[in-house]
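The sequence and coordinates are shown first.

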Amino acid sequence: MATPAPAGEEDAFCRYRSPLVSRYASPDMAFNFSERKKFGTWRRLWLYLAQAEKVRVSECRLEEDLIVLRDGFNLLLPKLARVISRLADFAEKYANLPTLGFTHYQPAQLTTVGKRCCLWIQDLCMDLHNFERARDELRFRGVKGTTGTQASFLQLFEGDHDKVEELDRLVTAMAGFKRAYIVTGQTYSRKVDVEVLSVLASLGASVHKICTDIRLLANLKEIEEPFEKEQIGSSAMAYKRNPMRSERCCSLARHLMILVLDPLQTASVQWFERTLDDSANRRVCLAEAFLTADIILSTLQNISEGLVVYPKVIARRIQQELPFMSTENIIMAMVKAGGNRQDCHEKIRILSQEAASVVKQEGGDNDLIARIRADPYFSPIQGQLESLLEPTSFIGRASQQVARFLKEEVHPVLTSYQSKMAVKMELSL
């Protein structure tokens, strides 16, 4: 059995350190949950009380969770806004590039690379709104006393209710809050923690979906996350370029999503005005939730700043599937040229099955269009086949949707964060 380090020996390798702090989190977020921040916040609260009126200060440590939560959101919001901004630039750049859509992870109608990215952005914009709402709805507990009745303060002010309420308002304002909770027990309602971690968990779901899409697209070689010149994709297979940033995001996002179970359980078992079985649990789950959210946003920003698109690979995959998708257009063109719809449908059905057999049984390319060109039945529309197979004719209003979405729903929400958009994100792999 290993021998522990001698007492007082400052050896980081002899004690557990959370990788959330030691490997991943930003210095600002790590400080937000540090002992120095906690004790410094307590001292400021004591000072606020002393400045407001010379009263007891035993309340102060009960207020500090709320300040840290508010400050945590203030650290996360600019990072989330930067991710949205980087992805918005990407969506605009590739708004017109057709790509194969997937439903059930099976080939479906075409979309564009930019339109698909807008699906990611839309989820993140919802998260941004939820972050702002959760932050802005946080209230201060105020000075309420041991069971929330303000009895000790009422006694201190010799029964003057107005002075008690004025003290409550003054300390709340000094702490940077607009409102305090009117009713509390010994603590603010632990349902507040549920609300806070719910919006963080929702971010985890958004990021997991985005990074899973990127991982699947990397497998198709259509889009890749940034890959450093000296980066090793696999220790065993030198040719590989594993999407390790996206995998990291997915791994941590899963952790973030399950943390909301802690405050749900805690809120449900708080007896009457308060029980202390909340404290140790909250000390872990609140810090870990914000630290984890901080990490995945930093990583996702790095990904979004360096996404690589391979248009020729995308075009090749379209050509493998487009012949089947174009059959309805071909049938309509034949009918317009005087053909019988039922006869044309039967011709297309037979030729499609033959082409599908080549693809599935022989591993060959989709030769449906070559078969159509070789069949005299389709001679009336031979000159139209190229235009009927143009990928941009299959993307509907995707390009227009991207432009309108970015203009009306994305750029306006980023306005208040413009001063913080220039920060680039470098990651240690």
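**Backbone sites with positive phi**

The model is predicted. Most residues other than glycine have a negative phi. Histidine 104 is not a glycine, yet its phi is positive, at about 60°. Lysine 221, likewise not a glycine, has a positive phi of about 65°.

| Residue | Phi | Loop between | Relative accessibility |
|---|---|---|---|
| Histidine 104 | about 60° | β1 (98-103) and β2 (106-112) | 77% |
| Lysine 221 | about 65° | α8 (191-219) and β3 (223-224) | 54% |

Histidine 104 counts as exposed because its relative accessibility of 77% is over the 50% cut-off. Lysine 221 is also classed as exposed, because its value of 54% is over 50%.

**Nonpolar cores**

In soluble globular proteins, nonpolar side chains tend to be buried together. In this model, the largest nonpolar core comprises 93 residues. Within this core, Ile121 and Leu200 have the most contacts. The element that gives the most to this core is helix α4 (residues 64-93), with 14 residues.

Which residues are in contact with isoleucine 121, leaving aside its neighbours within four places in sequence? They are Ile84, Leu87, Ala88, Ala91, Phe405, Leu406 and Val410.

Another core, of 16 residues, lies apart from the largest one. Among its residues are Met334, Cys344, Leu368 and Leu385.

Methods: Residues are numbered from 1 along each chain as its sequence is written. This is a predicted model: local features need pLDDT of at least 70, side-chain atom pairs count only at pLDDT 80 or more; totals for chains, interfaces and linings use all residues. Side-chain values use heavy atoms; hydrogens and water are left out. Helices (H or I, at least four residues) and strands (E, at least two) are DSSP runs, numbered from the N terminus. Buried means under 20% relative accessible area, exposed over 50%, partly exposed in between (1.4 Å probe, protein chains only). A nonpolar core is a set of buried Ala, Val, Leu, Ile, Met, Phe, Trp, Tyr and Cys residues joined through side-chain atoms within 4.5 Å. Contact means heavy atoms within 4.5 Å.
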